[in-house]
Amino acid sequence: MKNSLLFIKENLAVGLLLFALFLGAGNIIFPPLLGQQAGENITLAMIGFLITGVGLPLLAIVAVAKAGGDLQLLANRVSPAFGVIFTSIVYLAIGPFFAVPRTGSVSYEIGIAPFLPESIADHWAPLFITSILFFALILYLAINPTKLVDRVGKILTPALLIVILILAVKSFISPMGEPGRAMGEYTVSPLTEGFVQGYLTMDVLSALVFGIVILQALRDMGMSDTKKQVKTTIFAGIVAAIGLSFVYISLGQIGNTSIDAIGTFDNGGDIIAKSAKVLFGNFGSIILSATILLACISTAVGLLTANATYFHKLFPKISYKTFLIVFTIFSAAITNVGLSTIISASLPVLLIIYPLAMVLMVLSLVDHFFKGGQIVYILALIPTFCVSLYDGLKEMKIRITPYENILNALPLYEQSLGWLVPAIIGALIGFIIHKLTKR
C-alpha cells in the first residue's frame with residue numbers, strides 16, 4: 001500500500017502533464033455541442049463520445065508505450081514506407097496544419113474576442129496580433145522540452161482543473177434548464193454519432209504522438225528502466241482518462257441544459273461562451289477565457305514539441321529548435337484563416353486517417369496472438385483505407401456513384417463506420433494466411 005501511494009505521488013505530475021497535453025481547443029468546444037444536439041439521448045451519445053475521446057486514446061497510450069513511445073516503430077509493422085508516410089501525416093495533421101492553429105484560433109475567438117468592442121472584433125488585426133503573442137509564448141515554453149513537467153504538469157494543469165471545476169459545479173448545482181429534443185443523427189443513432197463526433201477531438205491521433213513526449217520527460221527525470229517507463233506511462237494515461245471524462249461529461253451537461261437559456265447554436269464555442277455568461281455573468285466569461293487559454297497553451301506546447309522531436313529524428317541534420325521555430329511560425333500563419341476554415345479543412349483528413357490509426361492501434365495491442373505477422377496488418381488496413389478514403393472524398397464533395405453504391409451495402413456505412421467490418425474481415429483473413437504460411 002505504501003509503495004502504491006509513493007508511486008502515485010511520484011508520477012502524478014506526469015499524469016497531469018498528459019492530461020494537459022490532451023485538453024485543448026477541440027476538447028472544450030465539441031462536448032457542449034454534443035450535449036445540446038443529443039438532447040434526451042445525451043447518455044448514449046456521451047458513451048460513444050467517451051469511447052473515441054477517452055477509451056481509445058488510453059489504449060493508444062498503452063500501445064505506443066509498449067512500442068517504445070515511437071509511432072513510427074508501430075507503423076513500421078505494416079512496412080517501413082508506410083511507417084514514415086503515415087507517421088508524418090499524423091504529426092502534421094495534429095501539429096502545424098490543423099490542431100495547433102486551432103488552438104490559436106479558439107484562444108482568440110473565445111478567450112479574447114468577447115472582451116473586444118464589436119467594431120473591431122471581426123477585423124483581421126486583433127486575430128493577427130493575438131496569434132503573434134500566443135505563439136511567441138508557445139515557442140518560449142516549448143524551446144526547452146526538459147522543463148515540460150514543471151511548466152505544464154505542475155503549473156498550468158492544476159489551474160486548468162480549478163477553472164473547469166468551477167464551471168462544472170455551478171452547472172450541476174444550478175442547471176440552466178431542461179434538456180431539449182435530440183437533433184439530426186442523435187435521434188436515430190446517438191451512440192454511433194457520439195462515437196464519430198469523438199474524431200474531432202483528435203485524441204487518438206494525439207495519443208499516438210504524445211508517447212514520445214512522456215517518455216522523454218521520464219528520461220529527463222532520470223528514469224531509464226524500460227518496464228518502469230511503460231508502467232508510468234500507463235498510469236499517466238489512466239490519470240488523463242479520468243480527467244478527460246470529467247471534463248467531457250461536465251461540458252456535455254452544460255450544453256445539454258443550455259437551450260432554454262441561450263437557444264441553439266451550431267458552434268460549441270458559442271454554446272460554452274454564452275453558457276458561462278449565464279452561469280456567472282461577466283465573471284463567467286473571464287473564467288471561460290482562462291480555461292480556453294490554459295487548455296490551448298498546454299496542447300500547443302505538447303503538439304509542437306512532439307512534431308519538432310519527430311522530424312528532427314527523421315532529418316537529424318536540421319535541429320530541434322529549427323523545426324520548432326518553423327512549425328510555430330507556420331501555425332501562427334494558418335491560425336489567421338479562422339476557426340471555421342481550419343475545422344472544415346481538417347475533416348476530410350480526419351475521416352481518412354482516423355480509422356487507419358484506430359485499426360493500427362488495436363492490432364498492435366493483440367500483436368502477440370499473431371506474432372507481428374505483417375500480412376494481418378496489411379489486409380486489415382487496405383480495406384479500411386478503401387472505405388475511409390472515400391469518406392474523406394465525400395466530405396470534399398467528391399463523389400463516385402458506382403463506388404458509393406458498393407460501400408452503401410456495408411454495415412454501419414451510414415454512420416461513417418463502414419470501415420469497421422472490412423477491417424475485421426481483413427484482419428481475420430490475414431490471420432488465417434499467417435497461420436497457414438507458418439506451418
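A crossing of two helices is right-handed if the near helix is turned clockwise from the far one by less than a right angle. The views below are taken from a predicted model.

**View 1. Right-handed crossing of helices α14 and α15**. Helix α14 covers residues 268-280 and helix α15 covers residues 282-314. Their axes are 6 Å apart, and the two helices pack at an angle of about 135 degrees. Angles under 35 degrees count as roughly parallel, over 145 as roughly antiparallel and 65 to 115 as roughly perpendicular; α14 and α15 are therefore oblique to each other. On the α14 side the contact is formed by I272, A273, A276, K277 and F280. These residues meet N282, F283, G284, S285, I287 and L288 of α15. By residue class, the contact of α14 with α15 consists of seven nonpolar, three polar and one charged.

**View 2. Packing of helix α17 against helix α18**. The axes of α17 (residues 339-365) and α18 (residues 374-395) come within 7 Å and cross at roughly 160 degrees. This angle makes α17 roughly antiparallel to α18. The crossing of α17 and α18 is right-handed. From α17, the residues in contact are L347, P348, L351, I352, P355, L356, V359, L360, L363 and S364. From α18 they are V376, Y377, A380, L381, T384, F385, S388, L389, D391, G392 and E395. The residues of this contact between α17 and α18 divide into 15 nonpolar, four polar and two charged.

View 3. T87 has a relative accessible area of 0% and is buried. The T87 side chain reaches the backbone oxygen of G83 at 2.5 Å. With neighbours within four places in sequence left aside, the residues in contact with T87 are L71, Q72, A75, F82 and Y310.

**View 4. P114 in the loop between α6 and α7**. Helix α6 is formed by residues 99-111 and helix α7 by residues 118-121. The relative accessibility of P114 is 45%, and P114 counts as partly exposed. Leaving aside neighbours within four places in sequence, P114 is in contact with Y108 and E109. P114 and S289 are 175 residues apart along the chain, and their C-alpha atoms are separated by 8.9 Å.

**View 5. M202, a loop residue with positive phi**. Most residues other than glycine have a negative phi. Phi of M202 is near 65 degrees, a positive value in a residue other than glycine. M202 is found between α10 (190-197) and α11 (203-220), in the loop that links these helices. Buried means under 20% relative accessible area, so M202, at 2% relative accessibility, counts as buried.

**View 6. K397, a loop residue with positive phi**. K397 is not a glycine, yet its phi is positive, at about 70 degrees. The loop that holds K397 lies between α18 and α19, the latter formed by residues 401-407. Residues count as exposed over 50% relative accessible area, so K397, with a relative accessible area of 74%, is exposed.

Methods:
Residues are numbered from 1 along each chain as its sequence is written. This is a predicted model: local features need pLDDT of at least 70, side-chain atom pairs count only at pLDDT 80 or more; totals for chains, interfaces and linings use all residues. Side-chain values use heavy atoms; hydrogens and water are left out. Axes are lines fitted to C-alpha atoms, for helices over the stretch in contact, and angles run from 0 to 180 degrees between N-to-C directions. Helices (H or I, at least four residues) and strands (E, at least two) are DSSP runs, numbered from the N terminus. Contact means heavy atoms within 4.5 Å. Ala, Val, Leu, Ile, Met, Phe, Trp, Tyr, Cys and Pro count as nonpolar, Asp, Glu, Lys and Arg as charged, and the others, Gly among them, as polar. Buried means under 20% relative accessible area, exposed over 50%, partly exposed in between (1.4 Å probe, protein chains only). A polar contact is a pair of N or O atoms within 3.5 Å; within protein, one must be able to donate a hydrogen and the other to accept it, and residues adjacent in sequence count only if both atoms are side-chain atoms.
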